[in-house]
Amino acid sequence: MTHLSSDFIEKYTKLLAAEAPAFFETFNEEAVSAFRVNPLKESQQIFPDKIPNMDWSYYGKVSGKSPEHVTGLVYSQEPAAQLVGQVAKPQKGMKVLDLAAAPGGKSTHLLSYLENTGILVSNEISSKRSKILVENIERFGARNVLVTNETANRLAQVFPAYFDMIVLDAPCSGEGMFRKDPSAMDYWDSDYPTKCATLQREILESAMHMLAAGGYLVYSTCTWSPEENEEIVSWLLENYDVELVSIEKINGMVEGLTYPQTARMYPHRFKGEGQFVAKFRFNGDPISKRVKSGRSNLTKEQSQLWQAFAKENLKVNFTGLLQVFGDQLYLLSDGLPDLSKVRIARNGLHLGVFKKKRFEPSYALGLTLTSKEVLRRIDISEKDFVDYATGNTLSVSKELPKGWYQVAIKGNGLGFAKVVSGTLKNNFPKGLRFH
Ligand SMILES: C[S@@+](CC[C@H](N)C(=O)[O-])C[C@H]1O[C@@H](n2cnc3c(N)ncnc32)[C@H](O)[C@@H]1O
């Protein structure tokens with residue numbers, strides 16, 4: 001049994017009244033595992049144990065060494081957390097900000113709805129966590145994401161009144177994660193929720209600065225404390241021209257305290273962990289400020305090398321802004337402001353690297369392209385997949401012309417690799433190799 005502090009027990013005995021025993025009983029049970037299927041991937045699969053009323057959601061665990069995980073077909077995320085993305089449900093073409101994004105559960109969910117349209121700025125304040133976020137976003141294979149490593153306040157200076165939707169999955173006291181991560185209990189004392197609420201208000205002030213008129217704010221926490229949930233809702237309603245958008249109650253969701261439009265998730269009501277979510281529409285006048293856009297910075301030679309690679313290997317015309325950072329080439333979505341003052345963790349879609357007089361495609365590019373978008377592809381077997389992911393070369397037909405090929409497993413891309421005289425050279429990233 002998860003050992004709960006007496007202050008916690010006292011607080012939730014009062015708050016939940018007759019439901020409290022059933023709630024406490026769930027702390028004797030294991031945390032629930034689940035995953036989402038990535039609709040952006042070309043080759044889909046049927047899995048058992050679908051979670052009702054949810055887009056793309058299944059109960060169960062997927063191995064980190066399976067082709068499904070490595071190609072980004074699945075993303076592991078517990079069921080209650082999946083409800084946040086589903087409540088947000090951005091429309092195609094929207095400019096969306098995920099303000100506290102690592103490791104990427106909500107961001108990848110938002111990308112599933114955007115279907116490579118619009119823009120997602122996925123931000124994480126911690127540099128270490130932003131690297132994990134980049135890895136997860138890259139594997140998902142979306143093309144319209146910028147990953148930043150910033151404070152909310154600094155982002156607000158670059159993106160005034162810019163976003164159609166902002167998701168703040170706030171840093172919180174994490175009560176809803178006690179079963180999944182018992183170490184979260186070490187930080188908890190009865191004052192912790194109030195301390196978290198101060199930080200949440202501070203981040204929300206910056207968030208409101210970035211919301212366009214008519215835009216949506218989705219606020220969520222994985223905690224049940226009213227201080228970090230309904231009291232934050234009250235503060236937003238008092239201080240900003242926002243109104244609550246009613247959330248449809250599915251899968252055991254219950255109304256928030258005093259705000260029936262908001263939703264709470266409890267483990268005794270639904271097979272999942274804890275969550276709170278509120279959705280607002282911003283009616284007020286946004287701060288008006290002209291957003292200066294960025295420009296392409298490729299040299300003529302770099303531009304020619306990229307075009308030569310694209311002509312020889314690709315059947316897709318990318319729209320967006322090509323930018324070089326050092327010798328790395330990235331594709332940024334159209335309509336982004338000048339990002340020179342922003343700490344970037346991933347500058348859009350990584351296309352590849354310029355070496356002496358040649359261009360080499362990135363692993364990320366090979367993860368995102370479908371079979372219809374490449375001129376040459378090699379589908380490897382599941383046995384070869386393990387060999388390849390361990391760092392070995394593979395034998396292929398001697399007839400295959402020399403050059404770059406997209407590698408694929410079970411119909412989904414796994415980077416690019418070179419074929420030379422009947423050998424597929426290993427180009428699986430060293431940091432991701434199986435040991
Ligand atoms: C609940 S987690 C986010 C989980 C993520 N949305 C997901 O679904 O995978 C909250 C995040 O807020 C970040 N954070 C902590 N302090 C912050 C601050 N002052 N401003 C913005 N983000 C902060 C943490 O590093 C953490 O990654």
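## A patch of negative charge

A charged patch here is made of residues with over 30% relative accessible area and no salt bridge, with like charges joined within 9 Å. In this predicted model, Asp7, Glu10, Asp189 and Asp191 come together as one such patch, a negative one on the surface.

Take Asp189 as the example. You'll find Asp189 in the loop that runs between β7 (163-169) and α8 (192-210). Its relative accessibility is 35%, so Asp189 counts as partly exposed.

## The overall build

Along the principal axes, the C-alpha atoms fill a box of roughly 75 × 50 × 35 Å. As for burial, 55% of the 435 residues in the chain are buried.

Now for some backbone details. Going from Ala102 to Pro103, the peptide bond is cis, with omega near 5°. Pro103 sits in the loop between β4 (95-98) and α5 (105-114).

Trp56 isn't a glycine, yet it has a positive phi of about 70°. Its spot is the loop between β1 (34-37) and β2 (57-59), and with 22% relative accessibility Trp56 counts as partly exposed. Ala161 isn't a glycine either, and its phi is positive too, at about 50°. Look for Ala161 in the loop between α7 (152-158) and β7.

Notes
Residues are numbered from 1 along each chain as its sequence is written. This is a predicted model: local features need pLDDT of at least 70, side-chain atom pairs count only at pLDDT 80 or more; totals for chains, interfaces and linings use all residues. Side-chain values use heavy atoms; hydrogens and water are left out. Patches are made of residues with over 30% relative accessible area and no salt bridge: like charges are joined within 9 Å, nonpolar side chains (Val, Leu, Ile, Met, Phe, Trp, Tyr) within 5 Å. Accessible areas come from the Shrake-Rupley method with a 1.4 Å probe; for residues, only the protein chains shown count as cover. A salt bridge is a side-chain nitrogen of Lys or Arg within 4 Å of a carboxyl oxygen of Asp or Glu. Lys and Arg count as positive and Asp and Glu as negative; His and the chain ends are not counted. The place of a charge is taken as NZ of Lys, CZ of Arg, CG of Asp or CD of Glu. Helices (H or I, at least four residues) and strands (E, at least two) are DSSP runs, numbered from the N terminus. Buried means under 20% relative accessible area, exposed over 50%, partly exposed in between (1.4 Å probe, protein chains only).
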